[in-house]
Amino acid sequence: MTAKDEFMKIYTENISRKGSAELLEWIQKTDFFTAPASTKYHCACENGLVMHSVSVFNTLVEKHFDEETDSMESFAICALLHDLCKAQFYKVSSRNVKNDETGQWEKVPFYAIEDSFPYGHGEKSVFLIERFMRLKLDEAMAIRWHMGGFDDNNGMYVSKAYERYPLAVKLHLADLESTYLREKGTSAVRNK
């Protein structure tokens, strides 16, 4: 099963909220299923964004799902869509890199950022989702603050969000584990 197939299965089996079908239709018209998840770090490869989204879902469920207090729909929404802001965000470009073995300069592809809608990271994902489907408050907070301290200098706000919304902490932890532990070596781009 491809990452896209797994994403579609998780999405359609777990998300039934009003507007979810229209959101999925819109996602399929973007480059979400072919885009990388980063420029050169984790999943900097074709299909990397969908691979990362599925990885975060699996990590989130395996490590943090509590049947008594958590909602599988909320977990699916947060994990699968937390990086929706990266759709239509990257473009393939090229640059010259010196080959260590031959000493020759070679043109190599890399992912460049081309953000036509610079609205931030987590808040942009929330905005895009809510164009189609309403989020619960804890879902919006989790997606907005999934980057933790890596996003900006709003430490006081992220701390308050984490104190009030356990889902936000759980998504942040799942994103960290997927990015730095489970997705190690998934970049097709040399990290120099």
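This is a predicted model: local features need pLDDT of at least 70, side-chain atom pairs count only at pLDDT 80 or more; totals for chains, interfaces and linings use all residues.
**Inside a helical core**

Isoleucine 129 is buried, with a relative accessible area of 0%.

Isoleucine 129 belongs to helix H5. Setting aside residues up to four places away in sequence, isoleucine 129 touches Leu23, Leu81, Leu84, Leu135 and Ile143. The fold also brings isoleucine 27 into the region: 102 residues separate isoleucine 129 and isoleucine 27 along the chain, yet their C-alpha atoms are 9.8 Å apart.

One of the residues touched by isoleucine 129 is Ile143, and Ile143 is among the buried residues of helix H6, which covers residues 137-144. What covers the buried residues of H6? The cover includes helix H4 (72-81), helix H5 (122-130) and helix H8 (166-182).

In soluble globular proteins, nonpolar side chains tend to be buried together. In this model, the largest nonpolar core has 44 residues, and those with the most contacts inside it are Phe7, Phe32, Leu80 and Leu81. At least two residues of this core come from each of helix H1 (3-14), helix H2 (20-28), helix H3 (48-64), H4, H5, H6, helix H7 (155-164) and H8. H4 supplies the largest share, seven residues.

Leucine 80 shows what such contacts look like. Not counting residues up to four places away in sequence, leucine 80 touches Phe7, Ile10, Tyr11, Ile15, Phe32, Ser53, Val54 and Phe57.

Serine 53, one of those contacts, sits in helix H3. Is serine 53 buried or exposed? Its relative accessibility is 0%, so serine 53 counts as buried. Apart from neighbours within four places in sequence, serine 53 is in contact with Phe7, Phe32, Ala79 and Leu80.

H3 also meets H8. The axes of these two helices come within 8 Å and cross at roughly 120°. H3 and H8 are therefore oblique to each other, and H3 passes H8 in a right-handed crossing. On the H3 side, the contact is made by His52, Ser55, Val56, Asn58, Thr59, Leu60, Glu62, Lys63 and His64. On the H8 side, it is made by Lys170, Leu171, Leu173, Ala174, Asp175, Glu177, Ser178, Thr179 and Arg182. Sorted by class, the contact of H3 with H8 has five nonpolar, seven polar and six charged residues.

Key: Residues are numbered from 1 along each chain as its sequence is written. Side-chain values use heavy atoms; hydrogens and water are left out. Buried means under 20% relative accessible area, exposed over 50%, partly exposed in between (1.4 Å probe, protein chains only). Helices (H or I, at least four residues) and strands (E, at least two) are DSSP runs, numbered from the N terminus. Contact means heavy atoms within 4.5 Å. A nonpolar core is a set of buried Ala, Val, Leu, Ile, Met, Phe, Trp, Tyr and Cys residues joined through side-chain atoms within 4.5 Å. Axes are lines fitted to C-alpha atoms, for helices over the stretch in contact, and angles run from 0 to 180 degrees between N-to-C directions. Angles under 35 degrees count as roughly parallel, over 145 as roughly antiparallel, 65 to 115 as roughly perpendicular and the rest as oblique. A crossing is left-handed if the near helix is turned anticlockwise from the far one by less than a right angle, and right-handed if clockwise. Ala, Val, Leu, Ile, Met, Phe, Trp, Tyr, Cys and Pro count as nonpolar, Asp, Glu, Lys and Arg as charged, and the others, Gly among them, as polar.
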